[in-house]
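Visitor: Please take me through the pockets of this model, one by one. I would also like a close look at the aromatic rings.

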Amino acid sequence: MTTFHIGPLGPLDLAALALLVACWMGIGWTTEHPSAARPSMGKLMENYRREWMRQLVTRQPRIFDSAMVDGLRQSTTFFASSSLIAIGAGLALIANPQPLTNLADDFDIARGPDLLWEARILTAVLFGANAFLKFVWSHRLFSYAAIAMAAVPNEPEDPLAYPRAEQAAQVNINAAKSFNRGLRSVYFALTTLAWLLGPYALIAATLFTTGMLWRREFASDSRQALLQDIPE
């Protein structure tokens, strides 16, 4: 009886990989589209970002808001740079997987063909590449948000003040979504490294990462604190 393979990937590897992708997409969708009765951390922060922009209208001077956006942009720059370095390291390992195969021999891990190791590293690189693209776009959106904030009139009585603030808030929210998507890709890129120990390790790491992300979004102490007097 023959078993189904795709290149060097056997049935268990394919199942572990399918679970990884399903959990990555599933936790992302659940986080961004939660039920109204149980909002995620990300959804709660959207309300706070809108409240931030409403407070911006009457805050003088706006140095604090400028510093906040600058800090957000620095975070995206740091993670984008880190992702790019990780991608380079992964591509170097794909070009020469010998150090990994030697390590597998040292720890008595099932070695398998070099192509299998390359497929495992390539999966982590793809998650890292997705993270890099999300962080770069998030950085760009935070720049747009800063410009939109600068366009908010200084006078609260101006009929464009609050509409402009809402526009700035929406761009800020979109930037945060892209940043969070990048972070999720980083988490699952790290999860993929467990595949080097075999498909069972990847399955366990995937379930652990998904559970951790769910708890942080829906059952953390920080979320509980934000539930008090949620901005409209």
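Guide: Start with residue classes: Ala, Val, Leu, Ile, Met, Phe, Trp, Tyr, Cys and Pro count as nonpolar, Asp, Glu, Lys and Arg as charged, and the others, Gly among them, as polar. This is a predicted model, where local features need pLDDT of at least 70 and side-chain atom pairs count only at pLDDT 80 or more, while totals for chains, interfaces and linings use all residues. Residues are numbered from 1 along each chain as its sequence is written, and side-chain values use heavy atoms, with hydrogens and water left out.

Now the pockets. A pocket is an open set of points on a 1 Å grid over the protein atoms alone, where a 1.4 Å probe fits, with protein on both sides within 12 Å along at least five of seven lines; lining residues have an atom within 4 Å of a point. A volume is the space filled by probe spheres set on the points, which are joined across faces, edges and corners.

The largest pocket has a volume of about 520 Å³. Its lining has 25 residues, and the closest to its centre are Gly-42, Ala-176, Asn-180, Leu-183 and Glu-217. By class, this lining holds eleven nonpolar, six polar and eight charged residues. Helices here are DSSP runs (H or I, at least four residues), numbered from the N terminus. α1 (11-32), α2 (41-58), α3, α6 and α7 (199-218) each give at least two residues to the lining of the largest pocket. The largest share, eight residues, comes from α6.

The second largest pocket has a volume of about 380 Å³. Of its 19 lining residues, Ala-86, Ala-124, Ala-189, Leu-190 and Leu-193 are the closest to its centre. Two or more residues come from each of α3, α5 (114-150) and α6. In this lining, α3 has the largest share, with eight residues. The classes are 15 nonpolar, four polar and no charged residues.

Next, the rings. Rings of Phe, Tyr and Trp (its six-membered ring) pair if their centres lie within 6.5 Å; planes under 30 degrees apart are stacked, over 60 edge-to-face and the rest tilted. The whole structure has eight aromatic pairs. In one of them, the centres of Phe-79 and Phe-179 are 5.7 Å apart and the planes are at 75°, so the pair is edge-to-face. Phe-79 sits in α3 (residues 63-95) and Phe-179 in α6 (residues 161-192), so the pair ties together parts 100 residues apart in sequence. Buried means under 20% relative accessible area, exposed over 50%, and partly exposed in between (1.4 Å probe, protein chains only). Phe-79 is partly exposed at 27%, while Phe-179 is buried at 15%. Ring pairs also link Phe-78, Phe-79, Phe-135 and Phe-179 into a cluster.
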